[in-house]
Amino acid sequence: MRKLLLPILLIVSISIFAQKKNESAVVLELFTSQGCSSCPSADKLLDVIKKEYTSENIFVLSYHVDYWNRLGWKDPFSSLAYSDYQREYAYKFNSRSLYTPQLVVNGNIHFTGSDRNRAVQSIQTYKKQPSLAVISLTNGQRKKSEIQFDYKVIGKRFDRITLTLVVSERDTKVSRGENRSRILKNSNIVANRIVKREDSGSVSIQIPEWVSEKDELSIIAYTQNNKLGTTGASKMSL
């Protein structure tokens, strides 16, 4: 654990996933960086979880923070916005510092992201808890530089819905920094993230320049209460 103070509109074929009423949904958010030597083991674990739980309501997200960038390698997937999001969790958990790799499960608990036992235990715990919200994602359309879609939330009151554009996986050859000369694999990389407070709407989410036409994309959405606890989640493959 490391601490540190086509202009043509394309209609894409989509598969929509939404948990049924009272089903569980588990969201695992990994805060990581290619500039952190402790992170590759957590990145590998996230990929394992993603593959082992493909038929269940388990959603994994890789948020790349930017505060390691000054140590020799600029993570191409990093964003200040994701570091700021991690700070929201630090405030919730009364943490005095940020650290990577940090794994947050359903917005309620956190631990070192490479801890497989705690990850599995947490998944089993939250699989037993029914979701309070059901999210539908429909009408996915892709332009050259953005994804458009509609969302709707049905269920008990929530504070916000987080809508993420996700790249399934990428391999990166790192030439500098703590992981120099290594090829790192990252899974379910958050390429963009927006937050809404309405229970329905139409959304346009920008596709960053680093995203390739060959990348497998999806939208993962999850509702959160006013303490950042996850209350429901859904996925739309693009």
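Me: Where does Thr 32 sit?
Reply: Thr 32 is part of strand β4, which covers residues 26-32. Strands here are DSSP runs of E with at least two residues, helices are runs of H or I with at least four, and both are numbered from the N terminus.

Me: What kind of model is this?
Reply: It is a predicted model, in which local features need pLDDT of at least 70 and side-chain atom pairs count only at pLDDT 80 or more, while totals for chains, interfaces and linings use all residues. Residues are numbered from 1 along each chain as its sequence is written, and side-chain values use heavy atoms, with hydrogens and water left out.

Me: Back to Thr 32: buried or exposed?
Reply: Thr 32 is buried, at 0% relative accessibility. Buried means under 20% relative accessible area, exposed means over 50%, and partly exposed is in between (1.4 Å probe, protein chains only).

Me: What is Thr 32 in contact with?
Reply: Neighbours within four places in sequence aside, Thr 32 is in contact (heavy atoms within 4.5 Å) with Cys 39, Asp 43, Ser 62, Tyr 63, His 64, Val 65 and Thr 100.

Me: Cys 39 is on that list. How many disulfides are there?
Reply: The count is zero. A disulfide needs a pair of cysteine sulfur atoms within 2.5 Å.

Me: Which residues of α1 are buried?
Reply: Cys 39 is one of them, along with Pro 40, Ala 42, Asp 43, Leu 45, Leu 46, Asp 47, Ile 49 and Lys 50.

Me: How far does α1 reach?
Reply: From first C-alpha to last, the 14 residues of α1 reach 20 Å, close to the expected 20 Å. The expected span is 1.5 Å times one less than the number of residues.

Me: New topic. What is the peptide bond from Thr 100 to Pro 101?
Reply: That bond is cis, with omega near -5°. Pro 101 is in the loop between β6 and β7 (102-105).

Me: What phi does Asn 188 have?
Reply: Asn 188 has a positive phi of about 45°, although it is not a glycine. Asn 188 lies in strand β12 and is buried, with a relative accessible area of 7%.

Me: And Leu 228, what phi does that have?
Reply: Leu 228 has a positive phi of about 75°, and is not a glycine. Leu 228 lies in the loop between β14 (217-224) and β15 (230-237). With a relative accessible area of 8%, Leu 228 is buried.

Me: Last one, Ile 194. Which strand is it in?
Reply: Ile 194 is in β12, residues 182-196. At 21% relative accessibility, Ile 194 counts as partly exposed.

Me: What does Ile 194 touch?
Reply: Not counting residues up to four places away in sequence, Ile 194 touches Ile 161, Thr 162, Leu 163, Val 203, Ser 204 and Ile 205. Ile 194 and Thr 164 are 30 residues apart in sequence, and their C-alpha atoms are 6.5 Å apart in space.
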